[in-house]
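Subject: Structure handover and findings

Hello,

Please find the structure below, with the sequence. My notes on what was found follow it.

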Amino acid sequence: MLKFLSVLRLSYLKSIKCTVRPRYFSTKCMGDASIKRFISENTEIVEDQNLTPEIKLRLFTPNCRFWFERPELWPFDDPYWAIYWPGGQALARYLLDNPGVCLGKSVLDLGSGCGASIIAAKLCGANRVVANDIDSVATLATCMNFELNGLEAPVCVTDNLIGSDPGSFDLILLGDMFYDEALCCNLHTWLENCVKTDNSKVLIGDPGRSQFVEYGFQKHLQKLAEFELPKTVREENYGLTCSSVWCY
């Protein structure tokens, strides 16, 4: 199994914090054009073997150097954006199947990663889309993925919005964000406030991670859809078989 992504998946799926790695470069020392070129050279355009073949994404594949490379050679923060996580796949699939959910709406994607969910929202006619990820490289990858799909780049925000006032949005999207107990608690409080203050609708994509289930957040939610994951996605995610979309 690939070295680098094994570290990422173990960290993400089992909530194990990865060993701090030295960064060979800083995003402050590289311009956006250089970082985009690096992303282009070290990812592959993917549009199949997932739940949303309508969407093209730049991701890690076995044809990419860092699929097998030693993790410490990656020059930036851990590239969670280079994996199309199963919760995000379900969320994007649900939006594409139900375009009216986004039509004419303002949409925030929290922890946007590769940008698939917010791309789906835009393809479905969202009026205003904002991608939020604390990793600035992820937001550049999102912009590149928007371009791949013939869309104008979205507004990108790299501030940590959890616990703050994000502004008024009709719809807030979260894919694969419930992977840590403390984060689950913070998200619950923040989302509850967004719903009460701004009357926002919240959609959550999650494949049934233990943190999401054990925290008990599901009792506050309505399950909207469940999708069977493709074989390759199941194999890459330690046997997870399905991914669901929930509404707050």
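D176 counts as buried, at 2% relative accessibility, where buried means under 20% relative accessible area, exposed over 50% and partly exposed in between (1.4 Å probe, protein chains only). Before the rest, two points on conventions. This is a predicted model, in which local features need pLDDT of at least 70 and side-chain atom pairs count only at pLDDT 80 or more, while totals for chains, interfaces and linings use all residues. Residues are numbered from 1 along each chain as its sequence is written, and side-chain values use heavy atoms, with hydrogens and water left out.

Salt bridges

The side chain of D176 forms a salt bridge with that of R209, at 2.9 Å from N to O; the term stands for a side-chain nitrogen of Lys or Arg within 4 Å of a carboxyl oxygen of Asp or Glu. This pair links distant parts of the chain, 33 residues apart: R209 is in the loop between β7 (201–206) and α7 (210–214), and D176 is in the loop between β6 and α6 (181–198). Helices (H or I, at least four residues) and strands (E, at least two) are DSSP runs, numbered from the N terminus. R209 is also buried, with 4% relative accessibility.

The structure holds eight salt bridges. Another of them joins E226 and K223 at 2.6 Å, N to O. Here E226 is partly exposed, at 47% relative accessible area, and K223 is partly exposed at 41%. E228 and R234 also meet through their side chains, at 3.9 Å, N to O. Of this pair, E228 is exposed at 60% relative accessibility, and R234 is partly exposed at 25% relative accessible area. Salt bridges with shared partners also join E54, R93 and D97 into one network.

Nonpolar cores

A nonpolar core is here a set of buried Ala, Val, Leu, Ile, Met, Phe, Trp, Tyr and Cys residues joined through side-chain atoms within 4.5 Å. The largest one has 37 residues, and those with the most contacts inside it are L57, Y94, L95, V107, A121, L173 and L203. Two or more residues each come from β2, α3, α4, β4, β6, β8 (222–228) and β9 (242–247). Helix α3 gives the most, with six residues. Apart from this core lies another, of 21 residues, among them F169, L174, L187 and L221.

What does L57 touch, leaving aside its neighbours within four places in sequence? L57 is in contact with E44, I45, V46, Y84, C114, A116, I119, N145 and L148, where contact means heavy atoms within 4.5 Å.

Helices α4 and α5

Helix α4 (residues 116–123) is mostly covered, with six of its eight residues buried. These are A116, S117, I118, I119, A120 and A121. They pack against β2, α3 (86–97), β3 (106–110), β4 (128–132), α5 and β6 (171–175). Just after α4, G125 has a positive phi of about 95°.

The axes of α4 and α5 come within 10 Å and cross at roughly 35°. Axes are lines fitted to C-alpha atoms, for helices over the stretch in contact, and angles run from 0 to 180 degrees between N-to-C directions.

Helix α2

In helix α2 (residues 32–41), the buried residues are I35, F38 and I39. Seen down the helix axis, they fall within an arc of 100°, so they line one face of α2; the arc is taken over the directions from the axis to the C-beta atoms. On the other side of α2, A33 and E41 are exposed. The cover over its buried residues includes β2 (57–59) and α5 (136–148).

Y215

Y215 lies in the loop between α7 and β8 and is partly exposed, at 28% relative accessibility. Leaving aside neighbours within four places in sequence, Y215 is in contact with C184, C185, H188 and S210. From C-alpha to C-alpha, Y215 and C185 are 8.0 Å apart in space, and 30 residues separate them in sequence.

Regards
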